[in-house]
Amino acid sequence: MKLFTTFAANLCFLCVNRKHCSYFCIMNAIENIRKLFPALEQEMNGKKLVYLDNAATSQKPLPVIGLIERMNSGINANVHRAMYRLSDETTALYEGAREEVRKFINAPERENVIFTSGTTASINLVATCFCERYVNEGDVIVITADSHHSNIVPWQLACGRKGAHVRILPLKDNGEWDMDQLQDMIDRRVRLVAATQISNVLGLINPLDELILTAHRHDIPVLVDGAQGVVHMPVDVQEMDCDFYAFSGHKIYGATGTGILYGKKKWLEEMPPYMGGGDMVGTVTFERTTYAPLPLKYEAGTPDFIGASSFKPALEFVGNIREGETGKEVARSEKEITEYMRRALREIDGCILYGDAENKIPLFSFNVEGCHAGDIAQLLDKMGIAVRSGMMCAEPVMTRFGTTSMVRASFAPYNTLQEAQYLIDCLKKAVKMLR
Ligand code: PLP
């Protein structure tokens with residue numbers, strides 16, 4: 001993290017009196033963050049890349065790239081298993097990353113933190129193991145209507161096996177959860193509520209506190225899909241009091257194919273294991289197997305120990321950009337971008353912005369009348385801008401808003417207001433070409 005500290009120390013060398021120079025302060029903090037991301041230096045189609053698909057996957061900062069390179073080229077031996085120094089070093093990095101995750105989400109103990117291959121794997125783990133243990137015919141799992149497919153299909157599969165049902169907490173027209181209906185959703189057949197902290201389509205920060213309180217009043221546990229949430233806001237799983245929390249490494253500046261499942265010990269201890277294999281066992285005979293204590297009970301087989309180790313530099317990076325002056329500048333920049341984008345999109349004739357409500361992260365899904373989302377994205381690509389288009393793995397959200405696809409521009413702290421302005425200029429050009 002030395003590199004970052006050096007940049008951060010140079011924050012706003014352009015002025016002494018911050019009161020009169022918020023523009024340069026923001027510029028400087030964001031530029032310093034950008035320097036950590038070599039991928040942002042590339043050109044696409046002859047134009048400087050403007051990367052606005054961060055909700056799908058984020059770019060990687062140098063400390064993450066460096067660690068992965070160092071491990072691949074030297075600190076590489078299987079974890080937990082061997083009595084030699086290289087394996088100890090790899091294990092220390094892997095377990096060190098677990099401790100970093102524990103601190104980052106304020107989990108009580110390392111036993112609460114399971115490494116998985118991503119949010120999808122984490123939710124599948126809970127859906128399979130929780131339903132196996134606690135769900136019976138006629139029971140119900142409640143999910144929120146803004147869910148990604150990975151918070152829908154695992155529950156359908158698990159409920160299908162048990163003769164149980166999935167019930168949906170609907171959305172209002174502005175994309176917020178319809179909390180008036182929550183009470184009616186919850187009855188004695190509900191076994192778990194699986195809720196999205198921030199939807200990858202709507203970008204709204206959902207009222208989790210209220211949902212968790214209501215569910216817990218009925219002794220119903222809550223799983224939170226934090227794939228987008230953990231990237232944009234501090235997460236304290238003890239304060240939130242969720243029972244499970246799932247997120248992915250690659251969206252929070254870490255390696256692809258890595259993820260986290262936080263779980264309260266009660267559930268993790270009572271549920272059966274997910275996969276069987278090496279590392280998750282106590283003793284094995286042909287007749288009977290006992291399981292390893294947490295967290296290894298849920299980590300069968302050789303994990304992606306290099307990818308998982310990158311959680312440490314990735315989360316240290318996030319911690320740094322949320323702290324002190326840099327944190328303030330990042331927050332100001334994101335606010336400025338969000339206000340600008342909402343205003344600018346509204347001003348485009350025929351533009352519909354989905355999830356146009358307060359408490360919004362800098363994520364904008366939209367359509368423009370008379371233009372296909374895919375065509376807009378292709379034209380923007382020609383101008384160097386990477387945005388997402390299509391269903392965004394959330395077909396029911398598309399259906400709710402009467403469309404089959406949307407364009408999505410999702411910003412990270414390394415994106416600038418100038419990039420937002422360039423996006424809007426290019427969007428206007430694209431719309432003119434398509435109409
Ligand atoms: N949940 C949400 C809200 C997401 O945005 C995503 C990915 O876009 C996922 C779950 C699935 O994440 P992954 O593909 O990393 O498992």
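**A helix pair and a loop residue**

Helix α4 passes helix α13 in a left-handed crossing, meaning that the near helix is turned anticlockwise from the far one by less than a right angle. From α4 come Gly 96, Ala 97, Glu 100, Val 101 and Phe 104. From α13 come Phe 311, Lys 312, Leu 315, Glu 316, Val 318, Gly 319 and Arg 322. By class, the contact has 6 nonpolar, 2 polar and 4 charged residues.

This is a predicted model, in which local features need pLDDT of at least 70 and side-chain atom pairs count only at pLDDT 80 or more, while totals for chains, interfaces and linings use all residues. Residues are numbered from 1 along each chain as its sequence is written, and side-chain values use heavy atoms, leaving out hydrogens and water.

Back to the pair. Helix α4 covers residues 85-105 and α13 covers residues 311-322. Their axes come within 8 Å and cross at roughly 30°. The two helices are therefore roughly parallel, a term for angles under 35 degrees.

Asn 76 is found in the loop between α3 (62-73) and α4. Asn 76 is partly exposed, with a relative accessible area of 39% (the class lies between buried, under 20%, and exposed, over 50%, with a 1.4 Å probe and protein chains only). Beyond its neighbours within four places in sequence, Asn 76 is in contact with Met 71, Leu 86, Thr 90, Phe 305 and Ile 306.

Last, confidence. The chain averages a pLDDT (the predictor's confidence in each residue, from 0 to 100) of 94. Over residues 1-20, pLDDT stays under 50. Where pLDDT is low, the predicted coordinates should not be read in detail.

How values were computed:
Axes fitted to C-alpha atoms, helices over the stretch in contact; angles between N-to-C directions. Helix = DSSP H or I, 4+ residues; strand = E, 2+ residues; numbered from the N terminus. Parallel < 35°, antiparallel > 145°, perpendicular 65-115°, else oblique. Contact = heavy atoms within 4.5 Å. Nonpolar A, V, L, I, M, F, W, Y, C, P; charged D, E, K, R; others polar.
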